[in-house]
Amino acid sequence: FRMEARAQKNTCGTICLKYLIFLFNIIFWLAGGAVLAVGVWTLVEKSDYITLLSSSFYSASAYILIAAGAIVIATGIIGCCATLREKKSLLIVYLCLLLCIFLLEIIAGVLAYITYQELDEDLRQNLKTTMQQKYRHPGEEKVTEAVDKLQQEFKCCGSHNYSDWADSVWIQQNKRVVPDSCCKTQIALCGQRGHPSNIYKVEGGCIMKLEEFILTQLYILGAVGIGIAFLQLLGMMFTCCLYRNLEEDPY
């Protein structure tokens, strides 16, 4: 009678664990899909800014997010198969994958923090030079588009402030104060007059705005990473419990 009660208890425990892991995998899939979507969005919507940076961090981070999202989704599928089939061999593979992703997240977090310091320095050193020397120059159409988009989207003018444009070769040749993309209301040749009511003068330079944007993205990614890491710890705990409750299965 005791053995039957114990077996029934183990069966109930196993069923509960299966449902818990299955629920965990659904949340894990959603998290992986969100990370994948952020990676694609970063690459598609914000790729113009890559041309303004000498560092490849921005594009590399987008590809890492896409790869991480795909791996998380694949891991979730393996987890569901392992749970439904109650195969201990698949559970071991699933547990190892969760552990690997968890360790990679820690490494990626440390590297992101270190790389951000380098990216910040890269912005300060190169953005002003890029704007002054490459804007509207032949063969630098992507840089020109990126600068115009940056100034309009972030409502800024110049790298540190609007006066940075005074040293631009194109500005001097065309007798302008700033490019038209510095204007709050864009009309033809509005950058010639430089009236303070229509130029982003008091709003600050683009370096500060771009730094804030990148830092905000890192904070969001950090929060998502911590959330996924917490889910992974729960998943590993549930998987270990299910592994112990399962009866010996032929491999």
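How many helices and strands make up the secondary structure of the protein? The secondary structure comprises six helices and zero strands, as given by a predicted model.

**Figure 1. Overall organisation of the predicted model.** Read from the N terminus, the elements follow the order α-α-α-α-α-α. The protein has 251 residues, of which 38% count as buried. When contacts between residues at least 6 apart in sequence are considered, 69% of them join residues at least 24 apart.

**Figure 2. Confidence along the chain.** The protein has a mean pLDDT of 78, and 85% of its residues reach 70 or more. Confidence is highest in helix 4 (residues 141-153), with a mean of 89, and lowest in helix 1 (residues 2-45), with a mean of 72. Residues 1-9 have a pLDDT below 50, and this stretch makes zero contacts in the model beyond near neighbours in sequence.

**Figure 3. Spans annotated as transmembrane region.** An unreviewed UniProt entry assigns the annotation "transmembrane region" to residues 20-42, 62-84, 91-116 and 218-243.

Figure 4. Gln-132 belongs to helix 3, which covers residues 88-134. Is Gln-132 buried or exposed? Gln-132 is buried because its relative accessible area is 14%, below the 20% cut-off for buried residues. Leaving aside residues up to four places away in sequence, Gln-132 touches Asp-164, Asp-167, Ser-168 and Val-169. With one of these residues, Asp-164, there is a polar contact: the side chain of Gln-132 reaches the backbone oxygen of Asp-164 at 2.7 Å.

Figure 5. Lys-209 is located in helix 6, formed by residues 206-245. Which side chain of opposite charge is nearest to Lys-209? That side chain is Glu-212, at 6.4 Å. A salt bridge requires a distance within 4 Å, and Lys-209, although buried, has none. The side chain of Lys-209 does, however, reach the backbone oxygen of Lys-155 at 3.3 Å.

Notes: Residues numbered from 1 in each chain as written. Predicted model: local features only at pLDDT ≥ 70, side-chain atom pairs only at ≥ 80, totals over all residues. Heavy atoms only, no water. Helix = DSSP H or I, 4+ residues; strand = E, 2+ residues; numbered from the N terminus. Buried < 20%, exposed > 50% of the residue type's maximum accessible area, 1.4 Å probe, protein only. Lys, Arg positive; Asp, Glu negative; His and termini not counted. Polar contact = N/O pair within 3.5 Å; in protein donor to acceptor, adjacent residues only side chain to side chain. UniProt positions renumbered as here; feature names shortened; annotations may be inferred. pLDDT = per-residue confidence, 0-100. Contact = heavy atoms within 4.5 Å.
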